[in-house]
Amino acid sequence: MFDIDGVYNSQNDRIWAVDRSEADIKGGTRQKRKFPQKIMIWLGVCSKGVSPLVIFENGTADHDRYIKEVLPIAPKFGNDMFGNDGTFQQDGARPHTHAKSQEWCAKHFPSFIDKDHWPPNSPDLNPLDYCIWNEFAQLVKWDTVTSKTTLITALKRAVREISQDVVEKSCASWTNRLHRLSQDKGNYIR
């Protein structure tokens, strides 16, 4: 979810500082509108690049919207990048884990990791989540964002600027973490 006030996730964003004044200098205080204009987006990532951006201008994505507006893009992107050699994996968002979404994925992807075989919130398997989204958010020219229209323009520009080097490093980190996790029989990496 992106809004015209910028990106801030109170659950995940942290500032390390000695005291309150240092935290404020580092951006510790954020002003937010009471009801900022916002949009939801979807972005797929693989070692060879990022997918086209899917923008939900109005509302959020339930499983029906996810199946109609996102899932048809994902196999085309994957096939363009890998042919039939790619594997589709999602996080644990409700539209992703819905039975109809899972059924659609099993039917349309050559290889798919279903919700029962993927740890959706594993701290060891989140480098894509944090690395790519952070890179994306940092590339948005927030000083140009004043409305939903300018936000969409800024997001479309920023997604084209995501560094392939960052994508490759993030995917390599994920692959290495997945291998280490499998060697440790699913226990946390130490």
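Reader: What are the ground rules?
Author: The model is predicted: local features need pLDDT of at least 70, side-chain atom pairs count only at pLDDT 80 or more, and totals for chains, interfaces and linings use all residues. Residues are numbered from 1 along each chain as its sequence is written, and side-chain values use heavy atoms, with hydrogens and water left out.

Reader: How many aromatic pairs?
Author: Seven. Rings of Phe, Tyr and Trp (its six-membered ring) pair if their centres lie within 6.5 Å; planes under 30 degrees apart are stacked, over 60 edge-to-face, the rest tilted.

Reader: Phe2 and Trp142: how far apart are the ring centres?
Author: 6.4 Å, with planes at 15°, so the pair is stacked.

Reader: Which parts does that pair tie together?
Author: Phe2 lies in strand 1 (residues 2-3), and Trp142 in the loop between helix 6 (127-139) and helix 7 (148-160). Helices (H or I, at least four residues) and strands (E, at least two) are DSSP runs, numbered from the N terminus.

Reader: Is Phe2 buried or exposed?
Author: Buried, at 5% relative accessibility. Buried means under 20% relative accessible area, exposed over 50%, partly exposed in between (1.4 Å probe, protein chains only). Trp142 is partly exposed at 25%.

Reader: What links to Phe2 in a cluster?
Author: Ring pairs join Phe2, Trp133, Phe136 and Trp142.

Reader: New topic. Where is Lys100?
Author: In helix 5 (residues 99-108).

Reader: What does Lys100 touch?
Author: His63 and Ile67, leaving aside residues up to four places away in sequence. Contact means heavy atoms within 4.5 Å. The C-alpha atoms of Lys100 and His63 are 7.3 Å apart.
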